[in-house]
Amino acid sequence: MNKNSAHIKKENGKLKIELSVAPSVLWSQLILFFLLLIPTVSIFIFLYQIIFNWTNKDMAWFLGLGLTTLVAWYFLRLLLWNRGGREIITIEENNITYYSDYRLFTLGRENYEFKEFSILYLNIDDDKGVDNSNEPTLLDDMIKEEGRGLLGFEFDNGRRLETSIDLPISELRKIINIIERN
């Protein structure tokens with residue numbers, strides 16, 4: 001079972017929540033590394049052939065180069081995320097900033113301005129067997145002790161922020177208590 005974690009700091013009047021992914025097992029990291037390595041080697045082969053055959057201006061090479069670059073980028077992000085990615089949420093008086101940290105770079109920086117917001121528990125356990133979709137649903141039983149869930153925010157302007165790192169319900173409850181006190 002994964003041991004994703006949450007760390008909360010208060011600095012300069014801001015509440016900073018860091019949700020961290022537990023590093024995956026070594027064999028799955030190796031598989032991701034080789035899935036990253038194969039497209040990367042293909043990119044070098046394409047570049048070599050393009051330079052060597054400079055007179056050949058066939059668009060198929062550039063299309064192949066573009067596709068292998070996208071595949072390599074995807075597997076690099078997946079590898080870095082599974083080696084300890086983080087989601088950072090900074091809560092200020094009327095603003096929440098959210099981004100994903102992949103160790104080497106950050107993605108998805110978004111600002112959410114609000115007058116009021118609601119905190120959501122999002123259930124990811126399919127214990128009822130009714131909902132077959134993979135979309136998280138609002139947790140019906142707020143006093144549930146077991147299971148895993150996601151942290152979410154719903155703003156007064158209709159926007160919604162959902163994290164992707166699942167935590168135990170008891171840990172979510174602690175985070176929400178700290179947010180509500182501040």
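Visitor: How many aromatic pairs does the count come to?

Guide: This is a predicted model, in which local features need pLDDT of at least 70, side-chain atom pairs count only at pLDDT 80 or more, and totals for chains, interfaces and linings use all residues. Residues are numbered from 1 along each chain as its sequence is written, and side-chain values use heavy atoms, with hydrogens and water left out. Rings of Phe, Tyr and Trp (its six-membered ring) pair if their centres lie within 6.5 Å, and planes under 30 degrees apart count as stacked, over 60 as edge-to-face and the rest as tilted. By this rule the aromatic pairs number ten.

Visitor: Is the pair of phenylalanine 33 and phenylalanine 34 stacked or edge-to-face?

Guide: A pair of aromatic rings is described by the distance of the centres and the angle of the planes. For phenylalanine 33 and phenylalanine 34 the centres are 5.7 Å apart and the planes stand at 65 degrees, which makes the pair edge-to-face.

Visitor: And is the pair of tyrosine 102 and phenylalanine 105 stacked or edge-to-face?

Guide: Both tyrosine 102 and phenylalanine 105 are buried, where buried means under 20% relative accessible area, exposed over 50% and partly exposed in between (1.4 Å probe, protein chains only). Their ring centres lie 5.3 Å apart, with 20 degrees between the planes, and the pair is stacked.

Visitor: Which residues have the most contacts inside the largest nonpolar core?

Guide: A nonpolar core is a set of buried Ala, Val, Leu, Ile, Met, Phe, Trp, Tyr and Cys residues joined through side-chain atoms within 4.5 Å, and the largest one here has 28 residues. Among the elements that each supply at least two residues of this core are helix H2 (59-82), strand E3 (86-91) and helix H3 (169-181), the helices and strands being DSSP runs numbered from the N terminus (helices, H or I, at least four residues; strands, E, at least two). The residues with the most contacts inside the core are Ile89, Ile96 and Phe153.

Visitor: How many salt bridges does a search of the whole structure find?

Guide: Side chains of opposite charge can pair when their charged atoms come close. Here a salt bridge is a side-chain nitrogen of Lys or Arg within 4 Å of a carboxyl oxygen of Asp or Glu. With that rule, the search of the whole structure gives a total of seven.

Visitor: Is arginine 148 buried or exposed?

Guide: Arginine 148 forms a salt bridge with aspartate 166, their closest N and O atoms being 2.5 Å apart. Arginine 148 lies in strand E8 and aspartate 166 in the loop between strand E9 (160-162) and strand E10 (167-168), so this pair ties together parts 18 residues apart in sequence. Since its relative accessibility is 11%, arginine 148 counts as buried.
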